[in-house]
Amino acid sequence: MTASAAKDPNQAIGRAPENLSLEERLSLTGKYIALEIYSPETLPLRRIEAIGDSPEECFRQLAGRGLDPRKFEFTRLAPPY
């Protein structure tokens, strides 16, 4: 059985914020997410690459995975409605 992001926020990594279920979105409301900054050269998919209680936590997660945090935007997840 697969865990959902509602119980384990790390399950949201690699998924588009729009594809989170209502339960997941409600449980993650207020968390910060890192999304790759759009550029015509890379055309990144809008996938969550880090999630945490602060932008700094997202920054550390990205750096820990060898990703350049300067290429990401940090956004706080709003309620789904």
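Is E49 buried or exposed? E49 is buried, with a relative accessible area of 12%, where buried means under 20% relative accessible area, exposed means over 50%, and partly exposed covers what is in between (1.4 Å probe, protein chains only). Before we go on, a word on the model: it is predicted, so to speak of a local feature a pLDDT of at least 70 is needed, side-chain atom pairs count only at pLDDT 80 or more, and totals for chains, interfaces and linings use all residues. Residues are numbered from 1 along each chain as its sequence is written, and side-chain values use heavy atoms, with hydrogens and water left out.

Let us stay with E49 for a moment. This residue is found in strand β2; helices (H or I, at least four residues) and strands (E, at least two) are DSSP runs, numbered from the N terminus. If neighbours within four places in sequence are set aside, E49 is in contact with I13, A34, L62, R65, L67 and F72, contact being heavy atoms within 4.5 Å.

The side chains of R65 and E49 meet in a salt bridge, 3.0 Å from N to O. R65 lies in the loop between α2 (55-64) and β3 (72-76), while E49 is in β2 (residues 48-52), so the pair ties together parts that are 16 residues apart in sequence. A salt bridge here is a side-chain nitrogen of Lys or Arg within 4 Å of a carboxyl oxygen of Asp or Glu.

Three strands form an open sheet in the order β2-β1-β3, with antiparallel pairing. β2 and β3 stand at the edges with a single partner strand each, so one side of each is left without a neighbour in the sheet. From one strand to the next, the twist averages 25 degrees. Strands of a sheet pair through backbone hydrogen bonds, either parallel or antiparallel; here, two strands count as paired if DSSP finds at least two bridges between them.

With β2, β1 pairs in the antiparallel sense over four bridges, and A34 has A50 as its bridge partner in β2. With β3, β1 pairs in the antiparallel sense over five bridges. On that side, the bridge partner of Y32 is R76, and L35 stands opposite E73.

A helix accompanies the sheet. α2 lies across β1, β2 and β3 and runs at about 135 degrees to β2; axes are lines fitted to C-alpha atoms, for helices over the stretch in contact, and angles run from 0 to 180 degrees between N-to-C directions.

The loop between β1 and β2 holds S39, which is buried with a relative accessible area of 17%. S39 and K71 are 32 residues apart in sequence, and their C-alpha atoms are 9.7 Å apart in space.

Next comes helix α1, which spans residues 22-28 and includes L22. S27 also lies in α1 and is partly exposed, with a relative accessible area of 35%. Not counting residues up to four places away in sequence, S27 touches A5 and A6. The C-alpha atoms of S27 and A6 are separated by 5.3 Å, although the two residues are 21 places apart along the chain.

L22 also takes part in a surface feature: together with L26 and Y81, L22 makes a nonpolar patch of about 380 Å². Patches are made of residues with over 30% relative accessible area and no salt bridge, like charges being joined within 9 Å and nonpolar side chains (Val, Leu, Ile, Met, Phe, Trp, Tyr) within 5 Å. The accessible areas come from the Shrake-Rupley method with a 1.4 Å probe, and for residues only the protein chains shown count as cover.

To finish, let us return to the charged pairs. The structure holds six salt bridges. Among them, E24 and R15 meet at 2.9 Å, N to O; E24 is buried at 6% relative accessible area, whereas R15 is partly exposed at 25%. Another salt bridge joins D68 and R70, with the closest N and O atoms 3.0 Å apart. D68 is partly exposed, with a relative accessible area of 26%, and R70 is exposed, at 68%.
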